[in-house]
Structures are given as C-alpha cells and as structure tokens.
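Here's a chain to pick apart, one question at a time. Have the viewer open and follow along.

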Amino acid sequence: DPAKTEALQQRIGGSFPVEDDLAAVEDNTDPGCTLTGTWQASTSVSGFYGTNYVHDRNTSKGGCSARFAVPVPTGGTFTVCLRWPADSNRASNVPVEIVNAGGTNVVTVDQRTNGGTWFDLGTWDFAPGTAWVTIRNDGTDGYVMADAAGLKGDAGVAQDSDQQDADDGV
C-alpha cells in the first residue's frame with residue numbers, strides 16, 4: 001500500500017524509493033559498504049536512503065572513508081550517483097573517488113545542497129562486477145555524510161517497458 005509506505009517513511013525519516021532509473025544501489029548499512037575510521041549513525045536530518053546515514057563527526061580529517069561496492073549488473077556505461085541529507089553544517093568539498101574501466105576519477109561534491117535526491121557525479125564505462133565509490137573526509141570543511149551510492153543504467157535512465165509505452169503515447 002503506497003500510502004502506508006509513505007507514512008512509515010515519514011515517521012522514520014528515511015526512504016526506500018522505488019527508483020526505475022537505478023540499476024544498482026548500495027546503502028551504508030549493506031555488507032558492500034566498508035567504513036574506515038570512526039563514523040556516527042544518524043537519522044537527525046531527513047532525506048536519507050534506507051534506515052539511516054553515517055557522518056564523520058567532523059573529526060579525524062583524512063582518517064575516514066566510506067567505500068561502496070556497487071554491483072555492476074552488466075558491463076556498459078553508467079551514471080554514478082550519491083545520496084545524502086543536506087544541511088548547512090555539511091562539507092562543501094567532499095572528495096569522492098570512482099573506480100571505473102578507465103581508471104580512477106575524483107569528483108568533489110557539496111553536501112550542503114542537493115540532499116534527499118540521487119545526485120549525479122558523472123558517467124563512466126564499467127566492466128561487469130563492482131563499481132567502487134569511495135567518500136573521503138580529507139581536507140573537508142564540515143561534516144561528511146555517507147548514505148548510499150547507486151548506478152543509473154546506460155548513461156542515465158533505464159526505463160521499464162510500462163514507462164516506455166507511456167512515453168510513446170501507448
């Protein structure tokens with residue numbers, strides 16, 4: 001029942017969205033997320049994916065990382081995205097490493113904005129297996145969030161057949 005699901009999500013402050021355009025998701029509570037350093041679980045700010053998110057307590061700069069092993073269902077081109085709860089005390093300069101078929105790329109994200117949504121980091125080619133996405137707190141200027149990482153299939157939206165029919169006017 002969608003209404004009951006929405007009510008539960010509002011009550012716990014998190015979300016478990018059905019995202020048609022996501023090919024894979026790894027949450028901070030999943031076995032494929034490895035935390036290095038001391039992270040604090042929280043539900044204080046809404047907009048997170050799953051049951052909670054973690055933050056670096058704004059300490060141990062350079063000593064905390066969250067490595068997401070996002071499953072790559074088939075080789076191809078995917079858009080890597082992250083989710084976090086935004087707030088004014090978050091870091092504006094969070095380094096995120098993406099290991100892909102061409103090597104390692106580093107993207108800097110501002111976690112003061114774009115919270116509660118899947119934020120696109122860029123599009124890369126991946127072999128089948130695992131996409132490694134690592135959030136670091138090196139040199140950051142506020143709290144660093146680690147919530148969830150995902151892949152959008154084929155450079156963006158992988159639509160299901162019902163959605164494609166609707167787009168075609170069927």
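Buried here means under 20% relative accessible area, exposed means over 50%, and partly exposed is in between. Keep in mind that this is a predicted model.

Q: Is Lys152 buried or exposed?
A: The cut-off for buried is under 20% relative accessible area. Lys152 comes in at 11%, so Lys152 counts as buried.

Q: What is the N to O distance in the salt bridge between Lys152 and Asp120?
A: Lys152 sits in strand E14 (residues 148-153) and Asp120 in strand E11, so this pair ties together parts 32 residues apart in sequence. Asp120 is partly exposed at 39%. A salt bridge needs the nitrogen within 4 Å of a carboxyl oxygen, and for this pair the N to O distance is 2.8 Å.

Q: How many residues apart are Asp141 and Arg112?
A: Their side chains meet in a salt bridge at 3.6 Å, N to O. Asp141 is in the loop between strand E12 (129-136) and strand E13 (145-146), while Arg112 is in the loop between strand E10 (103-109) and strand E11 (119-126). Asp141 is partly exposed at 40%, and Arg112 is partly exposed at 35%. The pair links distant parts of the chain, 29 residues apart.

Q: Which residue forms a salt bridge with Asp56?
A: Asp56 is buried, with a relative accessible area of 0%. The closest N and O atoms are 3.0 Å apart, and the partner is Lys61.

Q: What kind of aromatic pair do Phe48 and Tyr53 form?
A: Phe48 is buried at 0%, and Tyr53 is buried at 2%. Planes under 30 degrees apart would count as stacked and over 60 as edge-to-face. With 5.5 Å centre to centre and 50° between the planes, the pair is tilted.

Q: Which residue lies over the face of Trp132?
A: A charge counts as over a ring if NZ of Lys or CZ of Arg is within 6 Å of the ring centre and within 35 degrees of the ring normal. Here the distance from the ring centre is 3.8 Å, and the residue is Arg67.

Terms used:
Residues are numbered from 1 along each chain as its sequence is written. This is a predicted model: local features need pLDDT of at least 70, side-chain atom pairs count only at pLDDT 80 or more; totals for chains, interfaces and linings use all residues. Side-chain values use heavy atoms; hydrogens and water are left out. Rings of Phe, Tyr and Trp (its six-membered ring) pair if their centres lie within 6.5 Å; planes under 30 degrees apart count as stacked, over 60 as edge-to-face and the rest as tilted. Buried means under 20% relative accessible area, exposed over 50%, partly exposed in between (1.4 Å probe, protein chains only). Helices (H or I, at least four residues) and strands (E, at least two) are DSSP runs, numbered from the N terminus.
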